[in-house]
Amino acid sequence: MPSRCETTTARSRFLPWAPLLTLGIMVGPVVAGVLGTLVPAFGYLPALGSDSFGLNAFVLLFDWPGVTRASVLSVTTGVAATALSLLLVTLICAAWSGSRAFRIIERMLSPLLSVPHAAAAFGLAFLIAPSGWIARATSPWLTGWDRPPDLLILQDPLGLSLIAGLVVKEVPFLLLMTLAALTQIRTTQTRDTALALGYPPVTAWFKTVFPRVYAQIRLPVYAVLAFSMTVVDVSLILGPTTPSTLSVQILKWMNDPDLSLRFLGSAAAVWQLALVIGTLILWRLAEVAIARLGRLWVTSGTRGGATRSIKALSLTAAILSASAIVFGILGLLVWSFAGFWSFPDLLPGGFTTRTWMRHAMNLWPVITETLIIASVSTLIALLLTLACLEAEERHGLKPSSRALWLLYVPLIVPQIAFLTGLQTLAIFTGIDGNRTAVIAVHVIFVLPYVFLSLADPFRAWDSRYGHVARALGAGCDGVLWRVRLPMLLRPILTAAAVGFAVSIGQFLPTLLAGAGRVQTLTTEAVALASGGDRRVIAVYALSQTAAAFLPFAVAVFVPDIVWRNRRGLRHA
Amino acid sequence: MRRFLAATLATFTAVAAAAEPDPSNWEAVTEEARGQTVYWNAWGGSDTINTFIGWIGDRVGEEYGVTLEHVKLSDTAEAVSRVLAEKTAGKDAGGAVDMIWINGENFAAMKRQDLLFGPWVEEMPSWANVDVEGKPAVISDFTVPTDGLEAPWGMAQVVFYYDTARLDTPPTTMEALADYAAANPGRFTYPQPPNFLGSTFLKQALIEFVPDVSVLQAPVDEADYEAATAEFWAFLDGLSPTLWRSGRAYPQNESRQIQLMADGEIDLAISFNPNEASNAIANGQLQNSVRSFVMDAGSIGNASFVAIPYNANAKAGAMVVANFMMSPEAQAMMQDPEVWGLSTVLDLAKLSEDDRARFDALELGIATLPPEELGATLSEPHPSWMVRLEEDWTDRYGVAQ
């Protein structure tokens with residue numbers, strides 16, 4: 001029951017507009033950016049002396065010898081990474097949910113989620129490279145290699161290492177979304193019923209729980225698909241270069257001194273967008289087909305299922321995926337202190353703090369910039385989210401499921417398709433290259449995540465506390481600030497931590513909105529990736545990981561300290 | 001309204017034009033520079049170089065009150081693109097780029113399109129000591145006259161380095177290199193063009209195979225491109241399958257090559273800094289069995305420059321930084337193998353005794369060739385050759401197998 005709060009202060013007049021404002025902040029730039037990409041793609045950009053529409057840029061694009069390979073690569077890596085991540089997540093949930101191992105997996109989630117994509121990719125690169133840790137650990141006693149083998153593992157033309165890099169990061173994200181979905185549907189009851197009817201646990205889960213869970217995580221899956229097809233930073237680190245993926249090639253064209261290539265770049269961005277939309281449609285069709293087959297499978301009533309092997313397989317895969325990140329970070333740690341380190345030594349010949357000392361001076365301004373951008377964009381996102389949720393409460397402005405789609409717009413429309421357009425617009429309107437622009441763009445990506453993490457706990461809050469407070473004479477604002485928000489301290493801090501981590505991980509938005517002048521840990525780390533000295537990369541990637549991880553630690557410990565005298569709130 | 005705007009704009013432009021710093025009045029320049037922030041767009045992929053640029057920033061801050069911000073690029077073309085975009089958008093003052101580390105085709109492009117401020121270089125105090133006679137590359141950038149639009153600050157020369165533990169006598173001709181690669185597949189590579197070092201490898205090879213070297217000094221359109229490059233492409237077609245990863249992947253740049261060398265993936269590599277191997281050994285990045293060598297045919301040499309875009313926001317500040325970079329103090333620091341090891345552009349004979357002592361005190365690194373063994377410097381081909389080679393290379397090897 002929404003409480004009646006009809007006051008007329010300025011703040012309460014603003015509140016009903018909050019959802020609209022939030023949507024505008026999130027979706028407006030995406031629409032503007034897509035237009036800024038579409039128009040030059042069809043040849044119209046008066047500032048570059050072209051004021052008629054045409055298909056020239058597309059002709060050039062399809063004449064480029066690499067277009068087929070780059071496009072195919074974008075689709076195959078995206079679909080493979082998404083399908084593998086989804087498969088792994090559902091197998092883990094089907095085989096292990098409710099067990100003790102599952103609670104350990106749950107606890108590992110936040111730290112794994114907070115590791116930025118670029119840092120995870122660097123770590124993985126060092127593990128699986130022919131000169132990496134795995135090869136070192138098994139050489140020469142097992143493999144007989146006294147020099148790294150000439151194997152094309154990183155930057156392989158099929159993008160396999162790129163897929164691996166995406167999977168290790170998307171599994172924690174999809175798992176988190178699945179866990180949230182599982183709490184919203186009653187699963188134990190249906191599963192128990194199915195078990196009582198003689199279905200093995202994994203089969204029971206797939207037949208009774210999965211269809212409802214998938215309906216809930218469909219949008220996050222689409223977001224993962226769109227992201228994986230168009231990612232730039234991970235692709236720069238792990239992806240092939242002859243040719244590179246389409247998104248990386250677009251970035252090259254957009255940065256070429258020959259400005260006429262911007263038409264080509266825009267056309268390629270439109271093509272990339274079309275590829276994403278096409279792939280999403282195919283994915284949807286595949287959903288329908290699988291659902292139809294699945295229904296036959298469910299109604300057939302077969303009781304078969306290899307529970308034990310699925311349990312073993314999924315746990316192994318989960319451990320592999322998590323260890324790729326954990327050992328990757330560990331490898332970075334060792335490299336950051338390494339002296340000369342030859343192959344196939346498992347550890348460096350000597351340890352030194354020199355790399356850290358050398359970079360301490362350069363790191364500080366970059367860390368400060370990163371933290372300022374992350375804090376401000378998270379704060380804005382948090383305030384807008386709370387305003388929306390409170391407006392929903394007071395004015396009954398509950399978003400329809402269609403509005404929820406809008407929340408995913410910035411996550412599904414590929415960054416490369418609208419950020420390049422935004423950059424074109426920004427340059428030709430003369431606003432660009434400062435911190436404010438970067439923060440504004442970060443808010444677009446931080447907001448959906450903050451909203452998604454905070455909405456459920458906020459709505460689940462027991463409103464009887466509010467009634468009691470009102471009865472004791474508190475106003476609506478009093479209830480919000482003095483009762484509800486303090487009680488929701490932990491979820492608010494967690495949502496902030498998620499937002500913080502998202503902001504820190506942003507590469508393309510920072511690069512394009514900041515015109516290269518705003519340097520964060522991520523842009524520095526990826527710029528240095530081209531440099532190749534693993535020690536320096538390690539220093540930056542670790543700093544990046546630490547900056548993203550810290551807020552999660554705060555979210556865990558601060559409520560314990562603040563509520564040390566309120567036992568019931570510590571685990572709220 | 002429109003007329004009013006135009007008039008205002010014209011006034012602003014006039015004021016801006018009147019306020020351009022004049023390097024012949026150096027005191028006024030340093031006065032104006034105090035308090036300015038200079039955004040120096042420079043390739044940021046090398047830790048060694050970034051540290052040196054950081055040191056420059058510290059020194060000009062102390063000495064002249066100029067704040068230097070290093071905008072780290074992965075490719076200089078990004079800065080050129082930015083200035084060009086600003087010009088196209090009509091942003092003729094207050095641009096985002098104050099100074100660019102530049103040479104070759106990027107300089108040629110900016111000069112051709114009137115994107116550079118100047119001439120300013122030859123009126124600066126530090127210019128007096130530059131060795132114009134001994135190092136003609138300081139006024140001729142890939143054959144294009146600099147005309148005082150860019151200030152030289154370091155001399156680079158191609159060398160190769162190899163691991164003596166794995167390779168006794170390194171190949172000193174391109175033919176011998178191809179033979180070595182054929183006999184030891186996967187043990188040689190070069191950075192992927194259009195990376196400048198990768199393109200330099202192409203040019204270094206082209207010089208050995210072109211029937212008449214003189215055609216390279218003129219724009220590529222004036223030569224019979226097919227005839228000039230036929231042998232060179234035949235060589236590259238033979239070499240590519242024997243490269244590291246069979247030529248299906250390439251390192252992005254020289255730093256990545258160093259890592260490959262340290263890991264023992266490759267036996268020899270190209271470099272544009274005679275001191276790079278020594279420096280990497282000193283930093284613990286390379287094994288100390290690495291040494292340098294040069295090709296019998298000689299090796300390409302060029303100069304690094306800084307230029308100021310026509311619409312730069314802090315021109316006076318940029319000049320002060322450039323002038324400091326050409327000072328004996330900064331040049332000796334740069335040439336120190338412990339710091340970077342790039343050769344100076346100065347004529348040591350013109351320096352005072354104290355300043356010369358700074359250079360005399362520098363010791364050659366363990367893997368650095370003495371000047372007499374470095375041998376003759378070959379001139380860079382006209383920049384249009386590099387552009388053409390890069391395009392053709394990408395079509396042949398860069399997009400599909």
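1. T143(B) sits in the loop between β4 (140-141) and β5 (144-145) of chain B. The model is predicted. Phi of T143(B) is near 75°, a positive value in a residue other than glycine. T143(B) is partly exposed, with 19 other C-beta atoms within 10 Å; a residue counts as buried at 20 or more.

2. D147(B) belongs to the loop between β5 and β6 (150-157) of chain B. Its phi, near 50°, is also positive, and D147(B) is not a glycine. D147(B) has 14 C-beta neighbours inside 10 Å and so counts as partly exposed. Most residues other than glycine have a negative phi, and most peptide bonds are trans.

3. Chain A has cis peptide bonds to check. One joins S139(A) and P140(A), with omega about -10°. P140(A) is in the loop between α7 (133-137) and α8 (160-184) of chain A. Another runs from F343(A) to P344(A), with omega near 0°. P344(A) lies in the loop between α14 (307-336) and α15 (354-395) of chain A.

4. Helix α7 (residues 196-209) of chain B has 14 residues. From first C-alpha to last it reaches 20 Å, close to the 20 Å expected at 1.5 Å a residue. Of its 14 residues, 12 are buried, so α7(B) is largely enclosed by the rest of the structure. The buried residues include F196(B), L197(B), K203(B) and I207(B).

5. The contact between the chains takes 49 residues from chain B and 42 from chain A. On the side of chain B that touches chain A, α4(B) gives the largest share, eight residues. The residues of that side divide into 18 nonpolar, 20 polar and 11 charged.

Notes. Residues are numbered from 1 along each chain as its sequence is written. Chains are lettered from A and ligands numbered from 1 in the order in which they are written. This is a predicted model: local features need pLDDT of at least 70, side-chain atom pairs count only at pLDDT 80 or more; totals for chains, interfaces and linings use all residues. Two residues are in contact if their C-beta atoms, placed from the backbone, lie within 7 Å. Helices (H or I, at least four residues) and strands (E, at least two) are DSSP runs, numbered from the N terminus. Ala, Val, Leu, Ile, Met, Phe, Trp, Tyr, Cys and Pro count as nonpolar, Asp, Glu, Lys and Arg as charged, and the others, Gly among them, as polar. The expected span of a helix is 1.5 Å times one less than its number of residues.
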